[in-house]
Amino acid sequence: MTVPDPAPGGIAAVFVAMADPSRRQVIGVLASRGPSSATAVAQELAISRQAIAKHLATLTEAGLVESARHGREVRF
């Protein structure tokens, strides 16, 4: 059995994104703190900033997180 490739923003992409416990932690931090940078989220969790950035990219592609640039910083 093959699993269809999740389309960006589709329901399959949402389930794939939320299947990872680290991504659920990232969502939890953003929900409790509000808009934050990848660096601020990484400081809350025991995960590197680079890993957080990859998780945020996956969450953004799934349509679960939005980003906005504020000066030199990107907040999610």
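This is a predicted model: local features need pLDDT of at least 70, side-chain atom pairs count only at pLDDT 80 or more; totals for chains, interfaces and linings use all residues.
1. Packing of H2 and H4. Two packed helices are described by the angle between their axes and the distance between the axes. For H2 and H4 the angle is about 85° and the axes lie 10 Å apart. Angles of 65 to 115 degrees count as roughly perpendicular, and H2 and H4 are therefore roughly perpendicular to each other.

2. Residues in that contact. H2 contributes Ser22, Arg23, Val26, Ile27 and Leu30, while H4 contributes Ile52, His55, Leu56, Thr58 and Leu59. By type, the residues of the contact of H2 with H4 divide into 6 nonpolar, 3 polar and 1 charged.

3. Histidine 55. This residue belongs to helix H4, which covers residues 49-61. Is histidine 55 buried or exposed? Its relative accessibility is 13%, and buried means under 20%, so histidine 55 counts as buried. Leaving aside residues up to four places away in sequence, histidine 55 touches Asp20, Ser22, Arg23 and Val26. Ser22, Arg23 and Val26 are also among the H2 residues in the contact with H4.

4. The structure holds 2 salt bridges. One of them joins glutamate 44 to arginine 33, with the closest N and O atoms 3.1 Å apart. Glutamate 44 is in helix H3 (residues 38-44) and arginine 33 is in helix H2 (residues 21-33), so the pair ties together parts that are 11 residues apart in sequence. Glutamate 44 is partly exposed, at a relative accessible area of 47%. Arginine 33 is also partly exposed, at 43% relative accessibility.

5. The salt bridge between glutamate 73 and arginine 75. Here the side chains of glutamate 73 and arginine 75 meet with an N to O distance of 2.8 Å. How exposed are these two residues? Glutamate 73 has a relative accessible area of 31% and is partly exposed. Arginine 75 has a relative accessibility of 33% and likewise counts as partly exposed.

6. Valine 16 is placed in helix H1, residues 11-18. Along the chain, valine 16 and alanine 62 are 46 residues apart, but in the model their C-alpha atoms are separated by 8.5 Å.

Conventions:
Residues are numbered from 1 along each chain as its sequence is written. Side-chain values use heavy atoms; hydrogens and water are left out. Helices (H or I, at least four residues) and strands (E, at least two) are DSSP runs, numbered from the N terminus. Buried means under 20% relative accessible area, exposed over 50%, partly exposed in between (1.4 Å probe, protein chains only). Contact means heavy atoms within 4.5 Å. A salt bridge is a side-chain nitrogen of Lys or Arg within 4 Å of a carboxyl oxygen of Asp or Glu. Axes are lines fitted to C-alpha atoms, for helices over the stretch in contact, and angles run from 0 to 180 degrees between N-to-C directions. Angles under 35 degrees count as roughly parallel, over 145 as roughly antiparallel, 65 to 115 as roughly perpendicular and the rest as oblique. Ala, Val, Leu, Ile, Met, Phe, Trp, Tyr, Cys and Pro count as nonpolar, Asp, Glu, Lys and Arg as charged, and the others, Gly among them, as polar.
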